[in-house]
Amino acid sequence: MPEESFKLVDEKHVSTEVDMMLWSPKLDLIALATSHGEVVLHRLSWQKVWTLPSLGEEEKIGGMAWRPDGKVLAVGYLSGKLKLCDVEKGEVLHDASVEGEITCMSWIAQYLPDGSTWTADPYKEDNSMQFLPKVQPLNKHHSEGSVSKGAVEEVVEDGKKLKDQKELNFLVLGTNRDVVHLIAYGIFRVASVTFVIQDGSQERRVCSAIITEDLCSLSFVVESTSDESDEIDYYLLTFDTKILMMRHKEIRLMALQYGQVLMLIEHLQTTVTQMSEAWEDILTEMDAKLLKFAEEKCRSAQGTVSNDFLELLLFGTPSVELQNFLLHELTEKGLKKLGFSIETSYSNIQKLVVKHLQTASQALVFHLTYLQGMARWHDHFGVLGLDADSIQESIKAAGSLVISAYDLQQVIDSSIKNFKAFFRWLYVVILRLSKEDIPSELSKMTQHDVSFVAEFLRDNFSHFIPEENSLFSDDMYGQKSASSLAGKEGRSGFKLEKVGQYLKREDLTHPSHMTNNPWVQFVNTSPALSDSPHLYPTPSTKSLLQLQDAMEQAVQSALQRPLNVITPSLRCTVIYHLFTITSSEAGAFHQHAQPRVCQFTDPGASQSITVFTANFLPNDVFYILRQTTDSHCENAPDGRSALVQFPILSVAPSAYCSINTAENIINMTTLQHLPIGQLLPSNALQHLQHMKAHSLAVSGSRKTATVLFQSRRRVRIFLMEAEEEDEEEEEEEREKDESWMMQPSSWQLTDMSHVSASENESDENKENTSTSGCGADV
């Protein structure tokens, strides 16, 4: 270790109690999880970058993890919700959920030996962004959970921030439901490992989980409790995950394609939501007025709405009720406003259809077809669960969505022309009834215009006939009144326009006439085509939302198969019973005095190291368990708080002993005790003056340690490898530390445990640092 020492850089206050801290592995950023369920991102200078709001008053954070490149922060909640946040903008990139509480998280990248270069061979990288039409970004200001309000996606296709991902990485989630999840790139769930511990316990919680950087082994520690006893047992389980290592390139390609599919589905969901909002805004006023007029006509038993309008068109004379409706309810000003609103809204919907719905659905069909091509390569992808037939069903569902989008576009074009002609005619009628001057360009109406308006009235206003629509009172017709219908269906009480039916989860009431479509006629007359599995089915009666739901279900079913195939192939290789404690021994600080467990990897040696304390804190000893996988641990000191750097990998192999899985590890008679004082340089220890430490977080890239006070409202920031300067005031303290470490009693187990525990705590959250950890008697 170089002749460098700890240096106190700063001391800061936080407004809310902090539950956990985690430094970025690449940048000078630290994430703080507060007791209120918020996540606050700070720089090393303690400048606040952004805040992720709490999901609710009862929401608590169960774990956090940085993606190895430091660009994405994963936040897991005790409710089972998972959020991936873009570090640069603070936006929520991805939402997911698992069953039960998320109790721990880690994010591990695949290790490449020094000097080796990553390559995708024998596969080609997906270059579809070069030739597919670019999906235009949507304004996402209405999205829930977004930190940056009004933000706009720059590149929709890279909305999950997967573009530059080369090596495979896994987000590992531990839960309290006997399950550990492995999620590639934090997006694609590859395996959900279920474990069984037959000790009669009722509750089990995963308190630490990690996968080795060679992807060969999954290791996690389980806390097991029983309602019938106050004993708490801790177990270490290891699963063989060599299939992930052997198929890492295939899993990577599946995960990247899944990310593209998921991003496009979310884009379609947002597009349809905005279309629904634009449509609903224009219907409120017109719906209410026409329903009221129709109800009055029914009660007076003097004809129908359709007949009144047709008589006005043919004879130019309105009924008394219609005249009152036009002059006092609809009005000239109201008609202008309504016409402008409808035209504007329809234009907005049309833009969403053309620029977003059609483009995104076409891109979705491409990526699903890409996945189907992968599935046909059975020896590489089919064996992992990709099934060409199930993906074909999702392609057909997505193709039907494309057809429906084109159908909707034609309906919008037709509706805009219809409403323009209809409102123009009504406007002239209102001016004439009001005895106002009619502009010359509006006064002339050809026979073609009359026929056009007549057909429009016949096709739309006939739906107000009571026997057909049930719009009127129960007393007169045995049906529901218009007001009750409006109250039940909201803004869907009349069928004057045909766009809204596509934006409901119910069959189309007025589907487009497809019988005259040349392509449909050609397919129906050709048996070979009509039975072809490669043609998209024509959605004659299904709405856009129904087709969207069917597509999402088909995609989810098809892409769930790899999870169902890979998970059974991960087998448990060993279960270690680490130790047993009694909850009554914890005292008043049970919550914060739990034994500490931490895990880390040594990629060069393809092994994992688990470090743990075997009793409530404060504790005198911690244990190191080395496997062909990975682990790490923490401990809290007794007496004076101390900060220690201990090169755990410097422990000689001869210090370790073999383990019989049937034994309780801490009771093994062959377990060696190693005093770490002789392994520590004199400047590797820093006593924490005037503070009682709660926990700490370490930034391996920035060589910085942040120590949280016991109050959880103050932190101290230390530079771990500060160059020694002429600091006379520190020399005296350093000499005291040296003398303390060299006392005879310091070589004893109990004395040195104070150092080890503190040091273990300091390295608990260290990221991607091969020479960091905890030191104590082993």
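Reply: Happy to! Let's start with burial: a residue counts as buried when its relative accessible area is under 20%. Keep in mind that this is a predicted model.

Me: Is W425 buried or exposed, then?

Reply: W425 has 7% relative accessibility, so it counts as buried. F422, at 2%, is buried too.

Me: How do I read a pair of aromatic rings, and how are the planes of F309 and F422 arranged?

Reply: Rings pair if their centres lie within 6.5 Å, and planes under 30 degrees apart count as stacked, over 60 as edge-to-face and the rest as tilted. For F309 and F422 the centres are 6.2 Å apart and the planes meet at 50 degrees, so this pair is tilted. It joins distant parts of the chain, with F309 in helix α3 and F422 in helix α6, 113 residues apart.

Me: What about the rings of F422 and W425?

Reply: Their centres lie 6.1 Å apart with planes at 45 degrees, so that pair is tilted as well. Both residues belong to helix α6, three residues apart, or about one turn. Ring pairs tie F309, Y346, F419, F422, F423 and W425 into a cluster.

Me: And helix packing: at what angle do α4 and α6 pack?

Reply: A helix pair is described by the angle and distance between axes. Here α4 (residues 320–330) and α6 (residues 388–433) pack at about 95 degrees, with axes 10 Å apart. That makes α4 roughly perpendicular to α6.

Me: Which residues meet there?

Reply: From α4 come Q323, L326, L327 and L330; from α6, L426, V429, I430 and L433. Seven of the contact residues are nonpolar, one is polar and none is charged.

Key:
Residues numbered from 1 in each chain as written. Predicted model: local features only at pLDDT ≥ 70, side-chain atom pairs only at ≥ 80, totals over all residues. Heavy atoms only, no water. Axes fitted to C-alpha atoms, helices over the stretch in contact; angles between N-to-C directions. Helix = DSSP H or I, 4+ residues; strand = E, 2+ residues; numbered from the N terminus. Parallel < 35°, antiparallel > 145°, perpendicular 65-115°, else oblique. Contact = heavy atoms within 4.5 Å. Nonpolar A, V, L, I, M, F, W, Y, C, P; charged D, E, K, R; others polar. Phe/Tyr/Trp six-rings, centres within 6.5 Å; stacked < 30°, edge-to-face > 60°. Buried < 20%, exposed > 50% of the residue type's maximum accessible area, 1.4 Å probe, protein only.
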